[in-house]
Number of protein chains: 2
Amino acid sequence: MAFTDLIEHFKKIAHFQHLSSICGWDQAAVMPAGGAQARSEAMAQLSVHIHQLLTEPQLAEWFARSQEQLETAQQKATWREMHRQWQLANALPESLVKAQSLAGSQCEHAWRSQRKNNDWTGFEKNWAEVVKLSQEEAQIRSDITGLSRYDAMLDLYEPGTNSQALDKVFNEVKTWLPSLIDQVLEKQSHEPIILPTAHYPADEQKALGLEVMKLLQFDFNHGRLDQSTHPFCGGVPSDVRITTRYNEAEFTQSLMGIVHETGHARYEQGLPKAFAGNPVGHARSMGIHESQSLFFEMQLGRSAPFIEHLATLAQQHFSANESAVFAADNFQKLYTRVEKGFIRVDADELTYPAHVILRYEIERDLMNGHIKHTDVPELWNEKMGAYLGLSTAGNYQNGCMQDIHWTDGSFGYFPSYTLGAMYAAQFMATMKHSVDVEAAIARKDLSPIFTWLSDNIWSQGSLLTTDELVKQATGEVLNPVHFKAHLVSRYLG
Amino acid sequence: MAFTDLIEHFKKIAHFQHLSSICGWDQAAVMPAGGAQARSEAMAQLSVHIHQLLTEPQLAEWFARSQEQLETAQQKATWREMHRQWQLANALPESLVKAQSLAGSQCEHAWRSQRKNNDWTGFEKNWAEVVKLSQEEAQIRSDITGLSRYDAMLDLYEPGTNSQALDKVFNEVKTWLPSLIDQVLEKQSHEPIILPTAHYPADEQKALGLEVMKLLQFDFNHGRLDQSTHPFCGGVPSDVRITTRYNEAEFTQSLMGIVHETGHARYEQGLPKAFAGNPVGHARSMGIHESQSLFFEMQLGRSAPFIEHLATLAQQHFSANESAVFAADNFQKLYTRVEKGFIRVDADELTYPAHVILRYEIERDLMNGHIKHTDVPELWNEKMGAYLGLSTAGNYQNGCMQDIHWTDGSFGYFPSYTLGAMYAAQFMATMKHSVDVEAAIARKDLSPIFTWLSDNIWSQGSLLTTDELVKQATGEVLNPVHFKAHLVSRYLG
């Protein structure tokens, strides 16, 4: 039967993706530098093999024949998600994929030094090719999906969302965010804060991190915590690998980073086992994935009772004479400081959306061909002025050259970050109708919170579309009012 | 060109084997238990894929066509080793491989509890099938190679060796080993020894192990040290992963275990890079591999000047009040104690060959059909009496049920251990003609020793046959006289 054949075929693909994930984790977390060359060759061979499996000629017939055999909603969703993977893999001609890979890695490689040297002129030359090829990709995907060029790229990360919806949401945010930021900055300027200044050994940071992961009910029988230069959540649902990095002069960032990655990890660990090895068993989208990490980091991790636990645990691990640092209210301040800055990855919860909206507006217009790649620095400067009151004139390295995403051609990814923050706020607002969240955290039994997330999000995999999932969980589709209410309550409350 | 096609094809296979090695290491060293099910499915899929690549129909034609194009000795050796891998992979019908895998894992699984319960009757039932299937395998391999059935199995691990040669060597050993053991035991009974009895934290054992690896010039840019239940050397030549286990009540075993695995690792790290990704670039045989680990462990690691370094380093790491333990002459005694015991893996250098010869004689006769599997316990008891003066009557768990090798059908492997010990002694004897080994160790610069090994063994990969390799390195093929001389000098000297 064609449908069963498809499921078996995707199970096979999943096995190779499993090996790719584990070897990818290995590469980032434990591989010695000298192993890089042979490893990247082996990984490239594996990618080719996975791509071959996704583009085998008989799949077209299996999809066509099985479409009429679908009876249940589960079967339809399973077909839909397999079909989506197949369509994505088959959309681009091999020559374009190769050209993109080449241009992307050349641009990225040069960017690593060009960014340090603020060398826009050098960067722009390589980037022109990356943008051109991404526009070609967007055109091809647009032809297939019938979406606008940018929306076809957005669809890679956030299937079902489009720029019409995003424009509406982000434009609304723009009406209140800049002034909210100013109000909060004014308020915080009167509040003294004590920064940690002692030495915080990596071993102790790790022990503390593990304890916090336990509190967050990370399943250590199906996962690990390790170190890497860039923290990430990898592995497979049965064996989720999260990483962090330790700065021995400062522990707060790594600690909250672990909380963030634990959110990603619990989503993966909670995906429906009945659909393991099939795309319908995967996480719904990048935005929903980010909603879980940000639920953990922002909604849960920065809540007053959780911060109190963190402060107590941290003080137990770092016996330094810094009791003022570890006072709960100071800890709360450490984790809710707001600052207008140039750099997205260093941004706080409140200013982060401004960074994302700026990028969204530029990449949307770039992919749709309304602006040229050489217009980007000026537009960046303009929008930084409007949203955060900062100038990036001539400051490319802290402006449009700061992120890796565009460098390697990942246009359409940025909105996921802020969509995630908004979904997280919406989930928390809904959860509070049925769960006494504060009390659960206070008594250190977070099970009711995780049961809600598991029932409504994790266990759903990709059985529903994003809109269906969010509506089933919260009674409405994305509604940024919850995000605003959350920010006002936390930062002006 | 067919020859180039073959090389490209084997490079592709090597990439998948790379991923298999790394994921295998991961499974043994870091994977949480809950990841096992999905991992073993993914690894099985990868094995099937590698086997498919090795059995693709066009290879037969490529081998035939390229055989006439070979000009240089290197090309001929490259062809020979690829051909060998191909022949091994294509020898067995799929039905037999599946039946063996099933019978082997059933037998092994049950064995884990049966051994604890000394349950020969239960074990014998499962084992009958394993032996029967291995005999079938031996027959098929014998038909292809023209070797005797046992020799065809031996050829899997020690290509070029046969039981005629082994009989000659092992029979000679049997003429002097039992009496040598008795002499040494008598001598050692008069020598007091002080055992370590303090607590040796795993962290410190690891730090000590890393220091010793540095002294042994392990290349940390191309490898790592980790922990696993059963120590092994895995990974790939560009990224060699060795493991150990730590017992905090006793440090000597793990420490020398690290020296042993470092020997395996340096062989892998020293394999010829020009032939990376081709079977001709692989280690020569299991026996030669073991010769390198045993060269490190027995020839180098237990030599007087090296033991002196070990004792000094160990004392620096374990600040316990045990200076008598760490005295160089006591350390030497700790590492050269001889004891007649039941268990091969716990055996010392001197009694180890007795364990191997016993197994060799039994598995040879079993594969050749001269004995039945039900004869094994009685034969075991008889030979233990003759070689080590011990009875295993009714003691199956410490007799013929002690090893995993036969349980899963790996007949033909055991001789490699003692061949390795003999080759190691022969290499050392030869090396001493041109290198002042004792002086090099004493001044902690072991480079001349490693240069000899690299030139003569590591850099040769599988370009030569085992006999050619040993003859080129030492002027003669395997000659057990060096092993005997080494044992006499160390234990009665």
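What relative accessible area does Q17(B) have? The value for Q17(B) is 31%, which makes the residue partly exposed (buried is under 20% relative accessible area, exposed is over 50%, and partly exposed lies in between, with a 1.4 Å probe and protein chains only). The model is predicted: local features need pLDDT of at least 70 and side-chain atom pairs count only at pLDDT 80 or more, while totals for chains, interfaces and linings use all residues. Residues are numbered from 1 along each chain as its sequence is written, chains are lettered from A and ligands numbered from 1 in the order in which they are written, and side-chain values use heavy atoms, without hydrogens or water.

**View 1. Q17(B) in helix α1 of chain B.** Q17(B) is part of α1(B), which covers residues 2–29 (helices are DSSP runs of H or I with at least four residues, strands are runs of E with at least two, and both are numbered from the N terminus). From Q17(B) to E136(B) the C-alpha to C-alpha distance is 27 Å. In sequence, Q17(B) and E136(B) are 119 residues apart.

**View 2. T78(A) and the residues around it.** T78(A) sits in helix α4 of chain A, residues 73–91. T78(A) has a relative accessible area of 4% and is therefore buried. Leaving aside residues up to four places away in sequence, T78(A) touches F3(A), I7(A), F275(A), N278(A) and V280(A) (contact means heavy atoms within 4.5 Å).

View 3. Most residues other than glycine have a negative phi. N118(A) has a positive phi, near 55 degrees. N118(A) belongs to the loop that runs between α5 (94–116) and α6 (120–145) of chain A. With 24% relative accessibility, N118(A) is partly exposed. In chain B, phi of N118(B) is likewise positive and near 55 degrees. The loop that holds N118(B) lies between α5 (94–116) and α6 (120–145) of chain B. N118(B) is partly exposed, at 24% relative accessibility.

**View 4. The open sheet of chain A.** The sheet has 3 strands in the order β1-β3-β2, and its pairing is mixed (two strands pair if DSSP finds at least two bridges between them). At its edges are β1 (223–227) and β2 of chain A, each pairing on one side only. On average, neighbouring strands are turned by 20 degrees against each other, direction ignored (axes are lines fitted to C-alpha atoms, for helices over the stretch in contact, and angles run from 0 to 180 degrees between N-to-C directions). Residues 233–236 make up β2(A) and residues 239–244 make up β3(A). These two strands are antiparallel and share 4 bridges. Among the bridge partners are G234(A) with R241(A) and V236(A) with D239(A). The hairpin from β2(A) to β3(A) passes through 2 residues. Helix α10 of chain A, residues 252–269, lies across β1, β2 and β3 of that chain. The helix runs at about 165 degrees to β3(A).

**View 5. The open sheet of chain B.** Here too 3 strands with mixed pairing form an open sheet, ordered β1-β3-β2. β1 (223–227) and β2 (233–236) of chain B are at the edges with a single partner strand each, so one side of each has no neighbour in the sheet. β2(B) pairs with β3(B), residues 239–244, in the antiparallel sense over 4 bridges. Within that pairing, G234(B) has R241(B) of β3(B) as its bridge partner. Packed on the sheet is helix α10 of chain B, residues 252–269, which touches β1, β2 and β3 of the chain. Its direction makes about 165 degrees with that of β3(B).

View 6. The whole structure holds 3 cavities of 30 Å³ or more (a cavity is a set of points on a 1 Å grid over the protein atoms alone where a 1.4 Å probe fits but cannot get out, and lining residues have an atom within 4 Å of a point). The largest cavity contains about 50 Å³ of space (grid points are joined across faces, edges and corners, and the volume is the space filled by probe spheres set on the points). Its lining consists of V173(B), K174(B), L177(B), P178(B), A354(B), I357(B) and Y387(B). Two helices of chain B, α8 (163–188) and α14 (352–367), each supply at least two of the lining residues. α8(B) gives the most, with 4 residues. By class, the lining has 6 nonpolar residues, no polar residue and 1 charged residue (Ala, Val, Leu, Ile, Met, Phe, Trp, Tyr, Cys and Pro count as nonpolar, Asp, Glu, Lys and Arg as charged, and the others, Gly among them, as polar).

Technical notes. 1 Å grid on protein atoms, 1.4 Å probe; cavity = no way out; pocket = protein on both sides within 12 Å on 5 of 7 lines; lining within 4 Å.
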